[in-house]
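The points are grouped by topic.

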Amino acid sequence: MSREDEPLIVEQGDIFFFYRPKVGTEEVSDIEDIQRFYMVTAPEEKGSKYRLFILGRKKLPEIVEGKSMSEERNWALNTLTTNNPEDIRKELLAAEYETETKGKRRVAPAAPAGEGKYSIVKH
């Protein structure tokens with residue numbers, strides 16, 4: 001492989017996954033008990049932006065080594081980009097809100113689902 005063929009690392013860092021249970025759900029036993037699924041990227045480079053995403057499907061696509069699963073579609077919405085990781089932590093905490101029909105409701109804090117490393121490359 002020549003130097004020109006090597007991928008250029010644009011960004012790399014830590015990646016975290018969280019889920020938020022549906023309102024009123026005490027224990028999550030399957031995907032039906034999940035309200036939202038989140039992904040957070042934390043770049044290694046100082047001064048880079050932390051990002052919070054909501055994932056469209058409440059699960060990650062299956063990874064099959066050596067095989068592209070292009071028919072499996074997924075989407076992510078970047079809901080927060082910040083220099084301060086504390087901003088993202090606050091978004092994932094419990095919150096209360098008022099509804100006309102059910103009164104005061106409490107949204108549970110997001111729970112960790114996994115973590116790893118990521119790289120965004122140009123090739």
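Predicted model: local features only at pLDDT ≥ 70, side-chain atom pairs only at ≥ 80, totals over all residues.

Glutamate 11 and arginine 51 are both buried, and the two residues form a salt bridge in which the closest N and O atoms are 2.9 Å apart. The pair links distant parts of the chain, with glutamate 11 in strand β1 and arginine 51 in strand β3, 40 residues apart. The structure holds four salt bridges.

**Salt-bridge network**

- Side chains of opposite charge can pair when their charged atoms come close.
- Asp14, Glu44 and Lys117 are linked in a network of salt bridges.
- Glutamate 44 lies in the loop between β2 and β3, and lysine 117 in strand β7, so the pair ties together parts that are 73 residues apart in sequence.
- Lysine 117 counts as exposed because its relative accessibility is 60%.
- Aspartate 14 is partly exposed at 27% relative accessibility, and glutamate 44 is partly exposed with a relative accessible area of 43%.

**Aromatic pair**

- The structure holds one aromatic pair.
- Phenylalanine 17 and phenylalanine 37 make up this pair, which is stacked, with 6.1 Å centre to centre and 15° between the planes.
- The pair links distant parts of the chain: phenylalanine 17 sits in strand β1 (residues 8–21) and phenylalanine 37 in strand β2, 20 residues apart.
- Phenylalanine 17 counts as buried at 13% relative accessibility, and phenylalanine 37 counts as buried at 8%.

**Proline 21**

- Proline 21 is found in strand β1 and is buried, with a relative accessible area of 12%.
- Leaving aside neighbours within four places in sequence, proline 21 is in contact with Val28, Asp33, Ile34, Gln35, Ala108 and Pro109.
- The C-alpha atoms of proline 21 and arginine 36 are separated by 7.2 Å, and these residues are 15 residues apart along the chain.

**Serine 48**

- Serine 48 is found in the loop between β2 (34–43) and β3 (50–55).
- Is serine 48 buried or exposed? Serine 48 counts as buried because its relative accessibility is 19%, and buried means under 20%.
- A polar atom of the serine 48 side chain lies 3.0 Å from the backbone oxygen of glutamate 45.
- Leaving aside neighbours within four places in sequence, serine 48 is in contact with Pro43, Thr82 and Asn83.

**Nonpolar surface patch**

- Leu8, Val10 and Ile120 form a nonpolar patch on the surface, and together they have about 280 Å² of accessible area.
- Isoleucine 120, one of the patch residues, is found in strand β7 (residues 111–122).
- Isoleucine 120 counts as partly exposed, with a relative accessibility of 41%.

Terms used. Residues numbered from 1 in each chain as written. Heavy atoms only, no water. Patch = residues over 30% accessible without salt bridge, like charges linked within 9 Å, V, L, I, M, F, W, Y side chains within 5 Å. Areas by Shrake-Rupley, 256 points an atom, 1.4 Å probe, with all protein chains shown as cover. Salt bridge = Lys/Arg side-chain N within 4 Å of Asp/Glu carboxyl O. Helix = DSSP H or I, 4+ residues; strand = E, 2+ residues; numbered from the N terminus. Buried < 20%, exposed > 50% of the residue type's maximum accessible area, 1.4 Å probe, protein only. Polar contact = N/O pair within 3.5 Å; in protein donor to acceptor, adjacent residues only side chain to side chain. Contact = heavy atoms within 4.5 Å. Phe/Tyr/Trp six-rings, centres within 6.5 Å; stacked < 30°, edge-to-face > 60°.
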